[in-house]
Amino acid sequence: MAKTHKIALALQGGGVHGAFTWGVLDALLAEVASGALEIVAVSGASSGALSATALSYGFHQGAEQPGPATARSKRMATAAQAKIRELWETVARVAFWGGNPFVAAIGLTQDWNIDDTAAARWADVAGNSTPSVEAGLGSYLTAVLRDVLPEIPAIFALPQDDTPTLVVAATDIGECRRQLFIDGAVSPDALRASTCMPASGRTVTIGEQHYWDGGYMGNPPLTPLVERLREVDAEDLVLVTLNPLHRDGPPPKGTRQVQDRLTEVTFNASLVHEVNTIETINRLISAGMIKDPPPGQHPYRRVNLHRIHADAEMSRLGVYSKDAPAWDFLVYLRDLGREAFTKAWPDIQATLGKTSSWETNGVCDQILSRKAITTRERQLV
C-alpha cells in the first residue's frame, strides 16, 4: 500500500475569488478519499477562514457517520466536499435574492471583469460620497452560519481522530497583533472577525477586543501549521493563494481599485514575510546550525512549501468581481481551481516528504529585496 502523506493546508482570503479554493479543495479531497493524503491542520483568514471551517466541519460530520473503519477517510473527505459546495451554493443564493447589483453585471460579461460596468462606476461614486456598507462575503455570513455551519463551535470542541486542527485568524486592532482561534474557539464571532473588512466602518468585538479581517496579520497564517507539522513528524505545507504576487498594467485609479490593491499588497506582505522566515530556518537546519530541542520536545525539521495558484487568470478578473457571487462565476472559479490543482499536483506529489516544489528563494529575494545590501557592496568594489 502506498504511503499516506501528512500535509497542512493554508488557505488565503480574497472575497468571492475564494471559490477558486473550492475547486482546489474538491480535487485535493479526492486524494484524501483515496488514502494518499491526510490533512493534519488547516488555517485561513477571511474567505480562506470560511473554506477552512467548512472543510473541518465536513470532516467532523464524516467522522460521526457509521461504516467500516477502512472507509473512514473517504467518508470524511466526501462530507467535506459536500460542505464546501454547500457554502458556495448558500452564498450564491443569498446574493441572488438579496439583489446584489454585481451579480447581474457579471452575468453580462464574457471575461468576468466588471470594473468598467455601470454598477462598478456607481459603486465608485457612492463610495466617495457615502459611508461604506458591508460588502463581500461578510454580508452573507449570517445565512452561512445559520444554514451551513449551525453547530459551531460545539462540533469542533468534540475531539475526533484524524480530523485536522482548525486555525482561523483575525487582526486585533487595539494590540496590533494576530489573534488565532483554534478548534473549539472558532465561533460565529470568530468568523465574523476574520471576514470584517475595515472599509465597511465596522469592527467585531469579542470580549474587550476589537477585530478586523485576519488577512492583515496573516493571509493565511503559517506559523501554527509549522508547529502542528512538528507535532506529527511531517514537513509538507500546501498554500492555496488567490492574490497575485505580480500585476502588469497601469496603477489602479478608482478609490475601490486603489483600496483593493493596497489590501492585496498588505495581505501578500504578511504571507511573504512568514514564507521568508520558514525558508531562513530551513537553510539553518540544512547547514546544521540549529540544535535539537531538549528531550521530550519534537525535533526541528525542514518545512517543504508548495503553492497552488492561478495568478495570471486571477489578475484579469478585476476588483468588483470579488463582490459578485453569481453562480456561473463561482462555478468558473471552482473549475479554475480544479485545473490549477491538476497542473500543480504532479510536481507537488513528487516532492512530498522530500523538498519544496515552490521556489521561494527567488520570490523572497525579489519582493523583500534581501540582496540589496550585497548588491550595493559589489557596486562599490
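A residue counts as buried when its relative accessible area is under 20%, as exposed when that area is over 50%, and as partly exposed in between, using a 1.4 Å probe and protein chains only. Keep that in mind for S46, which is buried with a relative accessible area of 9%. The model is predicted, so local features need pLDDT of at least 70 and side-chain atom pairs count only at pLDDT 80 or more, while totals for chains, interfaces and linings use all residues. Residues are numbered from 1 along each chain as its sequence is written, and side-chain values use heavy atoms, with hydrogens and water left out.

Let us begin with the whole chain. Along the principal axes, the C-alpha trace spans about 70 × 60 × 45 Å. Of the 381 residues, 51% are buried.

Now follow the chain to S46, in the loop between β2 (37–45) and α2. Its phi is near 60°, a positive value in a residue other than glycine. Helix α2 (residues 47–64) packs with helix α3 (residues 72–97) at an angle of about 140°, their axes 7 Å apart. Axes here are lines fitted to C-alpha atoms over the stretch in contact, and angles run from 0 to 180 degrees between N-to-C directions. That makes α2 oblique to α3, since angles under 35 degrees count as roughly parallel, over 145 as roughly antiparallel, 65 to 115 as roughly perpendicular and the rest as oblique. Residues in contact (heavy atoms within 4.5 Å) include L50, L55 and F59 of α2 and M76, I84 and W88 of α3.

Further along, W112 sits in the loop between α4 (101–106) and α5 (118–129). W112 has a positive phi of about 70° although it is not a glycine, and W112 is buried, with a relative accessible area of 18%.

One runs from I152 to P153, with omega near 5°, and P153 is in the loop between α6 (141–147) and α7 (154–157). Another joins N219 to P220, with omega near 0°; P220 lies in the loop between β6 (209–213) and α9 (223–231).

Notes
Helix = DSSP H or I, 4+ residues; strand = E, 2+ residues; numbered from the N terminus.
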